[in-house]
Amino acid sequence: MTAPRVAAAAIGLVRAYGEGRGAVRALDGVTLWLPAGRFTAVMGPSGSGKSTLLHCLAGLDRPTAGQVLLGDTDLGALGEAARTAVRRDRIGFVFQDGNLLGHLSAGENIDLAASLAGRRPDRGWRTELVDRLGIGDRLRHLPGELSGGQRQRVAVARALLGRPEIVVADEPTGALDTESGRELLGLLRGCVDDYGQTVVMVTHDPLAASVSDQVLLLRDGTAAGRLADPTPGTVLSALGELGTGGRRPAPVPS
Amino acid sequence: MRALNPATRAAVAGIRRNPRQTVLTGLAVLVATVFSTGSVVFTDTLREALLAGAPDPESVSATVASVLAGLSVFVGLALIAATVVVGSTFRIVLARRGRELALLRCVGASRSQVTRSVLAEAAVTGLVAGVGGAVVAVVAGHLTIAVLQMSGVDVPGPVLQPAGPVGCVLLAVVATVVAAVPSALAAGRVPPVVALGEADGAEARGPDARRRVPLAVMLVVATVAVGARGLAVPDALGALGLVALSGMVLFAALVVAGPLLVAAAATALRPLAARSAPARLAVANARRVSRRTAATTTVLALGVGLTAALLVGIEGASADARASIERNYPAEVLVLPDDRATAPDRTERQAVADAAAARLAERPELRVRTDGTEVLVDPAPGADPQAVRDAVASAGDGAGTQVIWTAERRAETEQVLGTVRAVSTGLVGVTLVVAVLGMGVTLALSLHERTREIALLRALGLTRSGARYAVAAEAAIAGLVGAVPGVVLGAGYGVLGLLAVGIPVPTPPAGQLAGLGTGIVVVAVLAAAASMRRVGRVAPAHGLATG
Ligand SMILES: Nc1ncnc2c1ncn2[C@@H]1O[C@H](COP(=O)(O)OP(=O)(O)O)[C@@H](O)[C@H]1O
Ligand SMILES: [Mg+2]
């Protein structure tokens, strides 16, 4: 692995909730980076700050201290409107199940970000994505008429359509059965390999994590290691070393 | 559709896919529009009828204008009530959609795009409700007139000028959009992270006492100031106007303080509910969603208050009218020289009166006094009424005299008072209907939101009837919190109104007021019937099934 470009990075990232004695540091000085065109998985015990990290990387949340860089942009320094534009134009989202607009068809959901920006989506790219994800015959259906796996594939198409700098996924297979989950991971892997897409995914499933190029480990809001070219076995033992107790982050001494 | 931003498109598509919710949301506006369009159609028809009867265009348009002005006060009240109710339903509907709104923000919708989508949804809802209301009013107007004509009443045909109903529909759209503005702004502020997390408790926050108390206090001070000024003004109409204005300011104060009052009332009711789990649930729920409970209960207080003020006002006016009859008609029967007969000068009139008095005095059934040229006749104690009638008829009639029965005057006055009571109850009743509907709709939407929680409670052992009882109790609490201040404040404003126009204040019609209060609580529970049926049908397994 020759040193690739950095798509996004966190530098001394702190995110604290609440003030004074009750304050909780969900992230307590995390430094890490996401190589461009690679698949990164984020793992750690429950409450270790995975979701918070993802929110900060995706411009959904503002750091209390430290920096979040997307390319050359410091997301923490941006105002609300600018962060909205960043999310729309430079980031793709895949959530757990249920995050399509229920009243729009699958096709309309895919075009959502483009039409919010008042742009026409790139037709050729859209057709290729839809074909590759195997949802060409489902575009006119409402999300309620699709299976969970199909909904997630629609979400992946929506995330990739704008050729975002990173695709952010929070437990994307969490609500799927094993088979659909494996399929979805394969599709994400394919997007990384064939389109050079950068993907960062939070998961607690060692099997899912083993699909990635590197696993970043979190514990109590701090970076606790990195695992290159993971396999289910190495992921499991790394998690074992972390301790799966799910200890809550200690309150900030005031 | 293509040109709309996707947020708006999703909102509009939502209306198409879930028309029931749109109808529920717009129901209050629909009722208000039926009323406003009905009023417009009525005055248009009235104008034509008057022009056909007495073609003096100027006096006709003056009459019609004053009728319209009177009606528009009540239309305005109904619209205000509808706006508050619809504002509340929008808040509920959007709270439920928190995740979808957040998702839009995640994938790059700006705040203003989300806000605009909600306003567009409100405009469509207002349009649907407005057109529905206008159609109902026009059809009902035509039907009413057709029925009246068929049953032989001489009424003119209905007149339909498009301008009126179109204006009413526009008014409905404006009212709905205005009602949705706070929710639309709040929707724009939904943080995008909500789309990823589980928590979205948009409504969970309690009322902000620090902001509400000072504002409410200011409004109450204004209420008192305007009311006091009203009582000091000599001109009766101006005084009444100021008292009414003071009432509206007080309503605004209630709207502001409402959530705090509901929370306080729920706390006060807690000991009463301590013994029954469903009752405790009801109190806790009323308290938890105190803002939405308050929105409907303040409107209810407005409707109940108007009605109570009306009851007191009419009681005062009736007592005044009766008293003036007793003053002007000091006996049961008045026999007067007939002005129309030949009784030109005073001595001749006196002679006619004296003659009549003498004839009447011969009858044992009658007691006769004279007061100038008026002969005052009362029945003798224990006399048979029919004998009294005969006696007066045979001795008093003819010979250039005119007989006036006080009982007939009383009956005429009572008839006028009855008509006034019926018409004004009808006009005020619309606000009450809007308020009760609002309560029913709010409860239905709230419960829909709580389905999972109810299922869980059922799974944990809450009985079906217990669940229904909790809903009924919640409705009763809301009814009570609306009815009590409504009756008290409304009766107070009835008294103020009477003082303003200089009519003596009667003893308040306590029975009617109590009946009003109880009736409202009962109706509130009835309005919850649909919700009770639904909550009874929630399967205990529901909470465990779908995510
Ligand atoms: N909105 C919030 N307010 C307060 N504390 C929060 C909030 N979000 C997360 N936390 C706390 O921050 C810590 C990390 O949370 P999170 O990032 O969701 O962990 P993970 O996704 O790894 O389970 C937890 O202790 C959680 O309780
Ligand atoms: Mg998480």
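This is a predicted model: local features need pLDDT of at least 70, side-chain atom pairs count only at pLDDT 80 or more; totals for chains, interfaces and linings use all residues.
Biologist: How many helices and strands does chain B have?

Modeller: The C-alpha atoms of chain B fill a box of roughly 100 × 60 × 45 Å along the principal axes. Within chain B, the secondary structure amounts to 17 helices and 4 strands.

Biologist: What share of the residues in chain B is buried?

Modeller: Chain B exposes about 25,200 Å², and carbon and sulfur atoms supply 67% of that area. Among contacts in chain B with a separation of 6 or more, 83% link residues 24 or more positions apart. Of the 547 residues in chain B, the buried share is 46%.

Biologist: How far apart are the mean positions of the positive and negative charges of chain B?

Modeller: Chain B carries 47 positive and 35 negative charges.

Biologist: Which residue of strand 3 of chain B is the bridge partner of B:Val333?

Modeller: Strand 1 (residues 333-337) and strand 3 (residues 374-379) of chain B run antiparallel and are joined by 3 bridges. The partner of B:Val333 in strand 3 is B:Val377.

Biologist: Is A:Val154 buried or exposed?

Modeller: A:Val154 lies in helix 6 (residues 148-161) of chain A. Beyond residues up to four places away in sequence, A:Val154 touches A:Leu100, A:Ala106, A:Asn109, A:Ile110, A:Ile135 and A:Leu146. Its relative accessibility is 1%, and buried means under 20%. A:Val154 therefore counts as buried.

Biologist: What is the phi of A:Arg163?

Modeller: Most residues other than glycine have a negative phi. A:Arg163 is found in the loop between helix 6 and strand 7 (166-170) of chain A, and is exposed, with a relative accessible area of 51%. Although A:Arg163 is not a glycine, its phi is positive, at about 45 degrees.

Biologist: Where is A:Asp220 placed in chain A?

Modeller: A:Asp220 has a positive phi near 50 degrees and is a residue other than glycine. At 17% relative accessibility, A:Asp220 counts as buried. Its place is in the loop between strand 9 (214-219) and strand 10 (222-228) of chain A.

Biologist: Which residue stands opposite A:Met201 in strand 8 of chain A?

Modeller: Both faces of strand 8 (residues 199-202) of chain A are covered, with A:Val199 and A:Met201 buried on one side and A:Val200 and A:Val202 buried on the other. Strand 3 (residues 39-43) of chain A runs parallel to strand 8 and is joined to it by 4 bridges, with A:Phe39 opposite A:Val199. Strand 7 of chain A also runs parallel to strand 8 and is joined to it by 4 bridges. Opposite A:Met201 stands A:Ala169.

Key. Residues are numbered from 1 along each chain as its sequence is written. Chains are lettered from A and ligands numbered from 1 in the order in which they are written. Side-chain values use heavy atoms; hydrogens and water are left out. Helices (H or I, at least four residues) and strands (E, at least two) are DSSP runs, numbered from the N terminus. Buried means under 20% relative accessible area, exposed over 50%, partly exposed in between (1.4 Å probe, protein chains only). Contact means heavy atoms within 4.5 Å. Accessible areas come from the Shrake-Rupley method with a 1.4 Å probe; for residues, only the protein chains shown count as cover. Lys and Arg count as positive and Asp and Glu as negative; His and the chain ends are not counted. The place of a charge is taken as NZ of Lys, CZ of Arg, CG of Asp or CD of Glu. Two strands pair if DSSP finds at least two bridges between them.
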